[in-house]
Amino acid sequence: VCAAMLIPAVPGALTAPEVVAEVAASGQTTVGIVGFGSLLSVESATLTCPGVANFQLGRVRGWRRVFGHPAHIFFHRGIAIP
């Protein structure tokens with residue numbers, strides 16, 4: 001069981017399969033994705049979404065993310081430096 005499946009869905013939010021189905025039905029060839037934390041570098045985003053284009057960083061005023069403990073996979077992939 002995927003850990004993400006254990007997190008309750010946001011009311012009204014689409015699931016990943018629903019998003020894929022809607023994009024396919026619309027005939028669009030691209031879709032915008034906003035990632036918080038996990039897609040903070042073009043390298044990480046490209047590993048997750050190999051067709052990524054127009055990668056941009058964004059900022060949410062009044063919020064910050066603290067990187068206290070990088071996941072081991074980031075060291076393995078060369079994204080984080082020990």
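What follows is a short chat about a predicted model of one protein chain.

Q: Where do the helices sit? Start with α1.
A: Helix α1 covers 16-26. Helix α2 covers residues 42-48. Helix α3 covers 72-76.

Q: What is the average pLDDT for the chain?
A: The protein chain averages a pLDDT of 75. A score of at least 70 is reached by 80% of the residues.

Q: And which elements have the highest and lowest mean pLDDT?
A: Among the elements of the chain, α1 has the highest mean pLDDT, at 83. Helix α2 has the lowest, at 79.

Q: Where does pLDDT stay under 50?
A: Over residues 1-5. For that stretch, the model has one contact beyond four places in sequence.

Q: Switching to burial. What share of the residues is buried?
A: Buried residues make up 9% of the 82 residues in the chain.

Q: Which residues make the nonpolar surface patch?
A: Leu14, Val19, Val31 and Ile33 make the patch. Its area is about 340 Å².

Q: Where is Leu14 in the chain?
A: Leu14 lies in the segment before α1.

Q: Why does Leu14 count as partly exposed?
A: Because its relative accessibility is 44%. Partly exposed runs between the buried limit of 20% and the exposed limit of 50%.

Q: Now helix α2. What does Leu47 touch, leaving out residues up to four places away in sequence?
A: Leu47 is found in helix α2. With those residues left out, Leu47 touches Arg77 and Ile79.

Q: How many residues apart in sequence are Leu47 and Arg77?
A: They are 30 residues apart in sequence. In space, Leu47 and Arg77 are 9.2 Å apart, C-alpha to C-alpha.

Q: Is Leu47 buried, exposed or partly exposed?
A: Leu47 counts as partly exposed, at 47% relative accessibility.

Q: How many residues lie between Gly51 and Thr30 by sequence distance, and what is the spacing in space?
A: Gly51 and Thr30 are 21 residues apart in sequence. Their C-alpha to C-alpha distance is 9.5 Å.

Q: What about Ala53? Buried or exposed?
A: Ala53 counts as exposed, at 56% relative accessibility. Ala53 is also found in the loop between α2 and α3.

Q: How many residues apart in sequence are Ala53 and Val42?
A: Ala53 and Val42 are eleven residues apart in sequence. C-alpha to C-alpha, they are 9.4 Å apart in space.

Q: What is the phi of Asn54?
A: Asn54 has a positive phi of about 60 degrees, although it is not a glycine. Most residues other than glycine have a negative phi.

Q: Where is Asn54, and is it buried or exposed?
A: Asn54 sits in the loop between α2 and α3. Asn54 is exposed, with a relative accessible area of 70%.

Definitions and conventions. Residues numbered from 1 in each chain as written. Predicted model: local features only at pLDDT ≥ 70, side-chain atom pairs only at ≥ 80, totals over all residues. Heavy atoms only, no water. Patch = residues over 30% accessible without salt bridge, like charges linked within 9 Å, V, L, I, M, F, W, Y side chains within 5 Å. Areas by Shrake-Rupley, 256 points an atom, 1.4 Å probe, with all protein chains shown as cover. Salt bridge = Lys/Arg side-chain N within 4 Å of Asp/Glu carboxyl O. Helix = DSSP H or I, 4+ residues; strand = E, 2+ residues; numbered from the N terminus. Buried < 20%, exposed > 50% of the residue type's maximum accessible area, 1.4 Å probe, protein only. pLDDT = per-residue confidence, 0-100. Contact = heavy atoms within 4.5 Å.
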